[in-house]
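Good morning, and thank you for joining this presentation. I would ask you to keep the sequence and the structure in view while I speak.

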Amino acid sequence: MTLRLQARGLACERDDRWLFEDLDLDIRGGEIVRVEGPNGSGKTTLLKILSGQLADYHGELFWNDRPMRQARQAFLENLLYLGHAPGVKAALTPLENLAWYQALAGEAVHEAPRLAALESVGLAGFEDVPAGQLSAGQQRRVALARLELTPRPLWVLDEPFTAIDRHGVAALEERLVVHARSGGCVLVTTHHELKASEELRHVRLGRGGQDAER
Amino acid sequence: MPSADTRMNGSDSKRDNGDRQVTAGEPRGGLTVAVWATLKRDLTLLMRRRSEVLNPLVFFALVITLFPIGISPDPELLATIAPGLLWVAALLAALLSLDSLFRGDYEDGSLEQLLLTPQPLPMLGLAKVAVHWLLTGLPLALMAPVLGIMLALPAGSYLILAFSLALGTASLSLIGAIGAALTVGLSRGGVLLSLLVLPLYIPVLIFGAGAVQAAIMGDGAAAHLAILGALLALSLMLAPWAIAASLRISING
Amino acid sequence: MWAFINKLRSPKWFYAISERLLPWFWVAAAALILVGSVWGLAFAPADYQQGNSFRIIYVHVPAAFLAQSIFVSMAVCGLVYMVWKIKVADMVAAMMAPLGAAMTFISLFSGAVWGVPTWGTWWMWDARLTSMLILFFLYLGVIALRGAFASRDSASRAASVLAMVGVINIPIIKYSVDWWYTLHQPATFTVTGRVGMPMEMWVPLLIMVLGFYSFFIAVTLMRTRSEILRRESNKRWVRDLAGGER
C-alpha cells in the first residue's frame, strides 16, 4: 500500500507576491495533514495546486513516486476533492446531486448507496428536498456525503467544517481519523483546531516561510 | 454524522482505502454513465427553470417584431430581408443564453469538480453543449417558421428555414461554448462573450441564411445545407477540446 | 535546433540578441518603405483604368498582407506558448496583437479611401473589405480577452486559445464571405485580383510589402524588449541593467 503525494520546490506567485517559495511536502497514507496560516497565505491555492487545478506554479509534483504529468490519470482516480464551495446545485435534491457525483466517479448510479451516504451525514428525511431550501450547513453535509459515497484514498478538503454545527464537527473529525487509520490520507485546510491525534501533522504557510511540525 | 462508529467496525473491509489503488485500465463503465448523468442533470436543471428556457424564444420574437416597426411593414420589403432577419435574430437569441452555460457551475463549485473527474472533460463539456442546443437552438428552429409568417417569408422555404436553423444552431452552440468557457471566470463576461463569438458565427450565418434564400429562389438549398453540415462536423471535432482547455484556464484565474 | 528553442526560453537571451538585430530591421524598414513609396507613388505608371488613385495599393496591400500574417503569427506563438511554455512567445504574441489590429485598420481605411474615386462611396461591402472587417473584430476580441483576466498566466493562455480558434476560422470566414459576395453582387471590378500586373507596378509593391514586414519585426522586437524588462523586473540581470545605465 503506497500512498504518497509529494511536492518539491513548490512556489507560487499571485499578484506579484510569492505565496510560498521552495515548499517541500511529503504526504503519505495514514496521515492527516493540516495546512494552516493566516487569511490570504495561500492555503486554498496550495490545495488547488496539489489537486492539479492550478497550472501556474514552479516545482514538481509526484504521485506514488511518479511525476504528476505521467500519473495524473491514476492520481485523479484516487482523489476526492471538496472545495470551498460545496458544489451542490440548488435546484436539485441531495439525491440528484449525489447521483451526478456517483456517475462522475465512474460508478453505477444506484440509489441505495446514496441514501446510505445521506443518512450517514444526518440528512435522512431530506433526500428529496431541493438543496436550495436546505441550510448552508445541510448543503455542506450533502457535499460531505461524497466521502461515504465514493470512497477514495486521498482526501483533499478545503475548509470542510464551514457552517457545520458542533456535533457534525466532532463526527467529521472522527471520520478523518478513521480514514487515516485505515490507510487513507487527508489533506485539509481549516481554521478549526483539530483534536490532537498521532496521525495529525501541520504545515504552516505565511510570510514566505513554512515549516512542518509534527 | 452519528453512525461513524458503527461504520468503522462494520465496513472496514469494504472501505479498505489503503489497498484500493485504482489503475487506469480497470473497467469502470465510466464515460457513458458520466456523460449520460451530465446530460440528465443539465436537462433537469433547465427544465426546473422554465423561464430560462423561454427567455431566448421571447427575445427572438421581440427582435423580429422590432424590424417591421423600425424599417417598414411593407410585406414585399419584409419578404426580401426575412431570411437574414430570422437568422440574425435567432443567432442573437442563442447567444443570449450562452453566458449561463457554465456560470452556474462556476459559482457553486461544480465546475472544479467537473475538472477533477478522471472522465475526459471534452466529452462532458459536449454533453452540456448538447443540452444547450436541445433547449435553446432546437426550440428557436421550431419557432422560426411562425415568425417567418409574420415577416411574409415566401412559401417553399419554411422547412428549409427550420432545418437550417436546427443544423446551424448546433454549430453556434459549440462555437459559443468556447467563448462561454473562456469568459466564465470574468465578472462582466457577458458582453465580452458576444464580442469574441460573433465574428466566428459569420460563416454559419452566411450559409444558413443563404440556404433559405436559395430555397426561395427555387435553387436547391442542398449545397448550403451540406456546408452547414460540414461546419457542424468540424465544430464537433475541434470545439470540445477548445472548450475543455478554456474551462481549465478559467478555473485557474 | 532544440538548443535554439531552449535558448528562447530565456528572456535574457532574447533581450540580448534582439538588441543586435533591431538596428538592422529599422534600417531595412526605413530604406524599403522610402524606396517603395517614392517609386510607387511617384514613378510607377498610372493604371489605365483607375488613373492615379490605384496607387493606394502600395499602402493597402502590404497592410492587408501584414494584418493576416500577424494573426497567423500570433496563433503560432500562442501554440508555442501552450505547448512548450516559452514565455517569450507569449510576450511576442501580446505585443503583436495591437500592431496587427492597427494594420487591419490601415487596410480598411486605405480600402475605403480607394473606394471614393472607384465606387464613389466611402464603404463597400466587397469580399475583401468585409473579411478585413471581421478580422479587425477578431483582433479586438483577442486584445479584449487578454486584458480581462487578472492573472497573467490565465490571460496568456486564454488569448492563445482564442488566437488558435480564430486562425482556424480565418480561412473559413474568407471562403464564406467570398461565396456570399459573388452570390449577391454582379461580377464587378474587384479591389484585388490584378491579373498580369506589369513589373513596374509589382516590384515597388513587393518592396513596400518587405518594408512593412521589416517595420513590423522592428516594432515587435522593440516592444517585446520593453515587455521583457517589465515582466522580469525582479530578476537580477534587469536590475543590473538598470543600475548600469544610471
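This is a predicted model: local features need pLDDT of at least 70, side-chain atom pairs count only at pLDDT 80 or more; totals for chains, interfaces and linings use all residues.

**A leucine in chain A and its surroundings**

Leaving aside residues up to four places away in sequence, A:Leu147 touches A:Leu80, A:Trp155 and A:Arg175. A:Leu147 belongs to helix α5 of chain A. Is A:Leu147 buried or exposed? The cut-off for a buried residue is 20 or more other C-beta atoms within 10 Å of its own. A:Leu147 has 24 C-beta neighbours inside 10 Å and therefore counts as buried.

Helix α5 of chain A covers residues 136–149 and packs with helix α3 of chain A, residues 94–104. Two packed helices are described by the angle between their axes and the distance between the axes. For α3(A) and α5(A), the angle is about 45 degrees and the axes are 10 Å apart. The two helices are therefore oblique to each other, and their crossing is right-handed. Which residues of α3(A) and α5(A) meet? On the α3(A) side they are A:Pro94, A:Asn97, A:Leu98, A:Tyr101 and A:Gln102, and on the α5(A) side A:Val142, A:Ala145, A:Arg146 and A:Leu149.

A word on confidence in this chain. The mean pLDDT of chain A is 87, and 95% of its residues reach 70 or more. Over residues 208–214 of chain A, however, pLDDT stays under 50. For that stretch of chain A the model has 14 contacts beyond four places in sequence.

I turn now to chain B. Chain B contains 10 helices and 0 strands. Of the 253 residues in chain B, 47% are buried. Among contacts in chain B with a separation of 6 or more, 82% join residues 24 or more positions apart.

One helix pair in chain B deserves a description here. Helix α4 of chain B, residues 75–96, and helix α7 of chain B, residues 121–150, have axes that come within 10 Å and cross at roughly 150 degrees. How is α4(B) oriented relative to α7(B)? The angle makes α4(B) roughly antiparallel to α7(B). The crossing of α4(B) and α7(B) is right-handed. From α4(B), the contact involves B:Ala82, B:Leu86, B:Ala90, B:Ala93 and B:Ala94. From α7(B), the partners are B:Thr136, B:Gly137, B:Leu140, B:Ala144, B:Leu147 and B:Gly148.

Finally, chain C. How many helices and strands does chain C have? There are 8 helices and 0 strands. Chain C has 246 residues, and buried residues make up 41% of them. Residues 24 or more positions apart account for 79% of the chain C contacts with a separation of 6 or more.

For chain C there is also a database record to consider. An unreviewed UniProt entry places the feature "transmembrane region" at residues 21–44, 56–84, 96–117, 129–149, 161–181 and 201–221 of chain C. I take two of these spans in turn. Residues 129–149 of chain C are 95% helix and 0% strand, and the end C-alpha atoms lie 31 Å apart. Residues 161–181 of chain C are 100% helix and 0% strand, with the end C-alpha atoms 30 Å apart.

That concludes the presentation, and I thank you for your attention.

How values were computed
Residues are numbered from 1 along each chain as its sequence is written. Chains are lettered from A and ligands numbered from 1 in the order in which they are written. pLDDT is the predictor's confidence in each residue, from 0 to 100. Two residues are in contact if their C-beta atoms, placed from the backbone, lie within 7 Å. Helices (H or I, at least four residues) and strands (E, at least two) are DSSP runs, numbered from the N terminus. A residue is buried if 20 or more other C-beta atoms lie within 10 Å of its own, exposed if 12 or fewer, and partly exposed in between; C-beta atoms are placed from the backbone. UniProt positions are given in the numbering used here, feature names are shortened, and annotations may be inferred rather than shown by experiment. Axes are lines fitted to C-alpha atoms, for helices over the stretch in contact, and angles run from 0 to 180 degrees between N-to-C directions. Angles under 35 degrees count as roughly parallel, over 145 as roughly antiparallel, 65 to 115 as roughly perpendicular and the rest as oblique. A crossing is left-handed if the near helix is turned anticlockwise from the far one by less than a right angle, and right-handed if clockwise.
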